[in-house]
Amino acid sequence: MQKIRVKICCISSVEEAKIAVSYGASALGLVGQMPSGPGIISDQKILEITASLPPMISTFLLTSETQPKAIVDHYKQVNTSTIQIVDQVETSAYKHIRNELLHVKIVQVIHVLNSESVQQAIDVSPYVDAILLDSGNPNLPNKELGGTGRTHNWDLSRTIRSQVNVPIILAGGINCNNVKQAIDHVKPFGVDLCGSVRTNGKLDENKLKLFFQSII
């Protein structure tokens, strides 16, 4: 099986961040204000966690802002290495963000619902550094923008991966029992998980250990 990068999302404290890194996480997801979903923490807490980490660990700000100025303003409160945009934005937003934040990577989330999601990923791929494929539903009255714990149609994810020229991160219901199948089927650059390595909302070292053992 190919070497896979692992992003642990919904990190809530410096302690959780250090535990995740100690087991092999190369990236951490830090969830800003959202309309729904797990792991939401304050910008002050995100900044505290980011400042505690060594520079080789990537830190992702998950932002639900959709206006470019609001995204930039949110980022300036936390100083992560990456901005993960979890909702749809206008194409012009990416240029604005890059002009304002030259050193910051942009990851766009695509919630894989149907064949239209494939075209959406193709359309945004020239403007971003990576695409994260998740299982939310931004079309609901109370938007689901991640952290559902559900898998989606990996055939669609594989199609997206084959048709774009940026790294693909696969999220949505990934755990120690299905990660090998997910990697073999989609062949992503990395995988992203949250609830599958938690117990009662807290990062579970035993589940982390089992997960990382499953991808050796």
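This is a predicted model: local features need pLDDT of at least 70, side-chain atom pairs count only at pLDDT 80 or more; totals for chains, interfaces and linings use all residues.

**Helices, buried residues and pockets**

Me: Which residues of H1 are buried?

Reply: Helix H1 spans residues 14–23, and Val14, Glu16, Ala17, Ile19 and Ala20 are buried in it.

Me: And what do those buried residues pack against?

Reply: The partners of the buried residues of H1 are strands S1, S2 (27–31), S9 (198–199) and S10 (202–203), together with helices H2 and H8 (205–214).

Me: Let us stay with H2. Where is Thr50, and is it buried or exposed?

Reply: Thr50 is located in helix H2. Thr50 counts as buried because its relative accessibility is 14%, under the 20% limit.

Me: Which residues does Thr50 touch, beyond its neighbours in sequence?

Reply: Leaving aside residues within four places in sequence, Thr50 is in contact with Leu30, Thr59, Val78, Asn79 and Thr80.

Me: What about Ile57, where does that one lie?

Reply: Ile57 is in the loop between helix H2 (43–51) and S3. Ile57 is buried, with a relative accessible area of 12%.

Me: What does Ile57 touch?

Reply: Not counting residues up to four places away in sequence, Ile57 touches Val21, Ala25, Ser26, Ala27 and Leu28.

Me: How far is Ile57 from Pro167?

Reply: The two are 110 residues apart in sequence, and their C-alpha atoms are 17 Å apart in space.

Me: Another loop, please. Why does Ser125 count as buried?

Reply: Ser125 has a relative accessible area of 11%, so it falls under the 20% limit for a buried residue. Ser125 lies in the loop between helix H5 (115–124) and S6. Not counting residues up to four places away in sequence, Ser125 touches Ile131, Val164 and Val166.

Me: Back to helix pairs. How do H3 and H4 cross?

Reply: The axes of H3 (residues 68–76) and H4 (residues 91–100) come within 9 Å and cross at roughly 35 degrees. The crossing is right-handed.

Me: Which residues meet there?

Reply: From H3, Pro68, Lys69, Ile71, Val72 and Lys76 meet Ala93, His96, Ile97 and Glu100 of H4. This contact comprises five nonpolar, one polar and three charged residues.

Me: On to the pockets. What is the volume of the largest one, and what lines it?

Reply: The largest pocket holds about 370 Å³ of space. Its lining has 27 residues, of which Asp134, Gly146, Gly147, Thr148 and Cys194 lie nearest the centre. Strands S6 (130–134) and S8 (190–193) are the elements that give two or more residues to this lining.

Me: How does that lining divide by class?

Reply: The lining of the largest pocket has 13 nonpolar, 12 polar and two charged residues.

Me: And the second largest pocket, what is its volume?

Reply: The second largest pocket has a volume of about 290 Å³. It is lined by 17 residues, and Ala27, Ser58, Phe60, Ile169 and Phe189 lie nearest its centre. Two or more lining residues come from each of the strands S1 (5–8), S3 (58–63), S5 (105–111) and S8.

Me: Which element gives the most to it?

Reply: S1 gives the most to the lining of the second largest pocket, with three residues. By class, this lining has nine nonpolar, four polar and four charged residues.

Note on methods. Residues are numbered from 1 along each chain as its sequence is written. Side-chain values use heavy atoms; hydrogens and water are left out. On a 1 Å grid over the protein atoms alone, a cavity is a set of points where a 1.4 Å probe fits but cannot get out, and a pocket is an open set with protein on both sides within 12 Å along at least five of seven lines; lining residues have an atom within 4 Å of a point. Grid points are joined across faces, edges and corners, and a volume is the space filled by probe spheres set on the points. Helices (H or I, at least four residues) and strands (E, at least two) are DSSP runs, numbered from the N terminus. Ala, Val, Leu, Ile, Met, Phe, Trp, Tyr, Cys and Pro count as nonpolar, Asp, Glu, Lys and Arg as charged, and the others, Gly among them, as polar. Axes are lines fitted to C-alpha atoms, for helices over the stretch in contact, and angles run from 0 to 180 degrees between N-to-C directions. A crossing is left-handed if the near helix is turned anticlockwise from the far one by less than a right angle, and right-handed if clockwise. Contact means heavy atoms within 4.5 Å. Buried means under 20% relative accessible area, exposed over 50%, partly exposed in between (1.4 Å probe, protein chains only).
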